[in-house]
Amino acid sequence: MEQDFAQLAAQYTAAGLSMYLSLQAPWLGDGLTPGEICRFTPHLTSPSEADRHTCSICISAILASEWARTLDCGHTFHLQCLDPWLTRQDMCPNCKRSMRSSALEQPLLPPAES
Ligand SMILES: [Zn+2]
Ligand SMILES: [Zn+2]
């Protein structure tokens, strides 16, 4: 697990982010794990994308060539705003949908045997 996190953190290209996440320890328990956060691949915003999104965490426009993550619900936030948020909360700041991977899969419970 320790090693998985190191591997995932190595995929970050935004300077200082993995260091930032490592400073979040001890994990608060209510948010997503680094592995779950890493499901939302960071990307550099393109000029056309930049005009369409406002980061509702810092209430600022997301400019071109800023690092951002887009959640499953389609909302986009600055990487440096979203990551600390998701370590504390498991939901999208905009639409409050849970971003836990388990919440997306929702397997049907097998009938009880006893
Ligand atoms: Zn922001
Ligand atoms: Zn959302």
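Among contacts in the protein chain between residues at least 6 apart in sequence, 50% join residues at least 24 apart; two residues are in contact if their C-beta atoms, placed from the backbone, lie within 7 Å. This is a predicted model, in which local features need pLDDT of at least 70, side-chain atom pairs count only at pLDDT 80 or more, and totals for chains, interfaces and linings use all residues. Residues are numbered from 1 along each chain as its sequence is written, while chains are lettered from A and ligands numbered from 1 in the order in which they are written.

Start with the whole protein chain, coloured by secondary structure. It has six helices and five strands, in the order α-α-α-β-α-β-β-β-β-α-α along the sequence. These are DSSP runs numbered from the N terminus: helices are H or I of at least four residues, strands E of at least two. Of the 114 residues, 18% are buried, meaning that 20 or more other C-beta atoms lie within 10 Å of the residue's own C-beta, also placed from the backbone.

Next, select β1, β4 and β5. They form an open sheet in the order β1-β4-β5, with antiparallel pairing; strands pair if DSSP finds at least two bridges between them. β1 (43–44) and β5 (76–78) are at the edges with a single partner strand each, so one side of each has no neighbour in the sheet.

Show residues 67–70, which are β4; this strand pairs with β5 over three bridges. Here Ala68 is opposite His78 of β5. In the hairpin of these two strands, five residues lie between them, and Gly74 has a positive phi near 100°. On the other pairing, β1 and β4 are joined by two bridges, and Leu44 has Trp67 in β4 as its bridge partner.

Now select residues 79–88, helix α5. What does α5 touch in the sheet? The helix packs against β4 and β5, and its direction makes about 100° with that of β5 (axes are lines fitted to C-alpha atoms, for helices over the stretch in contact; angles run from 0 to 180 degrees between N-to-C directions). Its buried residues are Leu79, Leu82, Asp83, Leu86 and Thr87.

Finish with Leu82. Beyond its neighbours within four places in sequence, Leu82 contacts Ile57, Arg69 and Phe77.

Technical notes: A residue is buried if 20 or more other C-beta atoms lie within 10 Å of its own, exposed if 12 or fewer, and partly exposed in between; C-beta atoms are placed from the backbone.
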